[in-house]
Amino acid sequence: MLPQSLLLSLFFFTFITSSPFCSSSFLDESLSNFFERTPAYDPSTAYPSYLGTIDKERADDFKGSLERYDHLGTPATSLGEVNVEDFRAEGVGDTDDTEAFKKAWKETCSSDTAVLVVPKDKTYNVKPITFSGPCKSDSVTLKILGKIEASDNPADYASDLSRWLLFSNIQNFQVEGDQGTIDGKGEIWWKNSCKINKAKPCTKAPTAVSFVQCDNLKLHGLTVYNAQEMHVSIEKSVNVEAFNVIVTSPETSPNTEGIHVTSSENVHIIEPVIKTGDDCISIVDGSKNVKASGVTCGPGHGISVGILEEGKTKAPVSNVLVEHATLTGTNFGVRIKTWQGGSGNVDNIVFEHVKMKGVSNPIIIDQNYCDQATPCKGQDSSVQIRNVIYKDITGTSATKNTTIFNCSKTFPCQGIMLKGVNLS
């Protein structure tokens with residue numbers, strides 16, 4: 001353990017044993033009241049009412065969502081719906097259906113009804129494609145009843161290696177995927193990764209499904225597996241609800257994050273089931289007001305919060321709540337990680353009611369994160385981490401060290417609190 005980590009640990013012991021916050025009344029306090037009484041508290045970064053009232057507000061909204069989702073699987077011939085097969089998509093798995101999807105989307109986006117259907121019991125092979133808005137209708141729905149399968153020819157991604165299915169600038173967009181699947185066919189990308197084959201250069205691979213600038217986005221029952229790299233990325237979007245997203249890829253698949261949230265606000269991830277080769281959920285640069293509840297994670301690298309861009313990034317991450325999560329056999333548990341040399345802050349982060357089952361490194365703060373082939377050069381500047389709560393974290397650890405705080409010498413962690421942490 002680094003010397004500064006030891007000092008921080010002593011601070012925790014003194015703070016916890018002497019602080020009035022550790023009484024039973026803490027359980028009844030709102031997050032906003034708690035942070036008002038936390039050392040290093042800055043009123044301008046307090047939890048907004050979004051997190052203070054999210055349970056009631058979102059419960060009411062979610063009830064309505066469930067009523068709407070009762071209509072999933074309605075026949076593709078419903079009045080006003082656009083079917084990809086109307087544009088000669090064959091759905092036999094070995095023919096290219098990309099152009100049919102492009103034409104079907106153009107028709108959908110320009111219509112008043114704006115419902116696109118991918119029929120069931122078919123496999124549609126699709127190359128990289130962008131579904132872009134804005135659309136004519138006030139709301140747009142995509143019903144995935146069948147299987148969308150990626151091209152596994154890297155040459156098809158030559159124009160943009162970063163994405164496969166891109167949904168961009170679509171407002172009030174709802175994706176219903178309870179009966180369908182999205183297959184990234186990632187095997188060819190994994191075996192050519194430098195993390196698998198050390199003789200290969202380190203290059204990017206496509207993100208399977210990206211939502212960029214999609215405000216008021218709802219994802220329900222989306223199933224994505226074997227992504228080329230990340231499975232689902234939510235970027236630059238406001239007001240997002242993702243319910244029952246299922247992600248699966250082998251534990252050995254490199255860089256295959258489950259749900260990645262960046263530069264987005266007011267995001268609620270509800271009851272996802274994620275088994276992958278990287279972070280189950282990553283909440284990074286420029287994101288705020290993010291709640292993940294009922295998470296089932298493992299295998300994978302756990303749940304991560306932080307600023308991951310290498311260099312002088314200033315994008316803050318704030319107001320994150322992870323609750324009622326179960327992590328099984330993951331390489332890490334709940335982790336905050338930031339690159340050296342950055343600036344800005346990660347603050348108001350809560351991990352509570354988390355169960356660990358055979359998890360390595362259950363609790364980590366790492367202000368010296370380095371994910372590259374050569375060692376990172378030590379730097380004086382660092383992202384500030386403050387106001388972090390670990391509450392009711394229980395279960396078993398696969399490593400001797402259950403709690404690691406590798407904090408910066410120049411910008412040490414502030415306002416860290418542990419309550420009811422019991423890991424054996």
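Predicted model: local features only at pLDDT ≥ 70, side-chain atom pairs only at ≥ 80, totals over all residues.

Residues are numbered from 1 along each chain as its sequence is written, and side-chain values use heavy atoms, with hydrogens and water left out.

Q: How many aromatic pairs does a search of the whole structure find?
A: Rings of Phe, Tyr and Trp (its six-membered ring) pair if their centres lie within 6.5 Å; planes under 30 degrees apart count as stacked, over 60 as edge-to-face and the rest as tilted. By this rule, the search of the whole structure gives 10 aromatic pairs.

Q: Which class of aromatic pair do phenylalanine 101 and tyrosine 124 form?
A: The ring centres of phenylalanine 101 and tyrosine 124 are 5.7 Å apart. The angle between their planes is 65°, so the pair is edge-to-face.

Q: Where in the chain do phenylalanine 101 and tyrosine 124 lie, and how many residues apart are they?
A: Helices (H or I, at least four residues) and strands (E, at least two) are DSSP runs, numbered from the N terminus. Phenylalanine 101 is in helix α5 (residues 98–109) and tyrosine 124 in strand β4 (residues 123–126). The pair links distant parts of the chain, and the separation is 23 residues.

Q: Is tyrosine 124 buried or exposed?
A: Buried means under 20% relative accessible area, exposed over 50%, and partly exposed in between (1.4 Å probe, protein chains only). Tyrosine 124 has 0% relative accessibility, so this residue counts as buried.

Q: How many residues apart in sequence are the parts tied together by tryptophan 105 and phenylalanine 173?
A: Tryptophan 105 and phenylalanine 173 form an edge-to-face pair, 6.3 Å centre to centre with 70° between the planes. Tryptophan 105 lies in helix α5 and phenylalanine 173 in strand β9 (residues 173–176), so the parts tied together are apart in sequence by 68 residues.

Q: What is the relative accessible area of phenylalanine 173?
A: Phenylalanine 173 belongs to one aromatic cluster with Trp105, Phe131, Phe167 and Phe211. Phenylalanine 173 is buried, and its relative accessible area is 1%.
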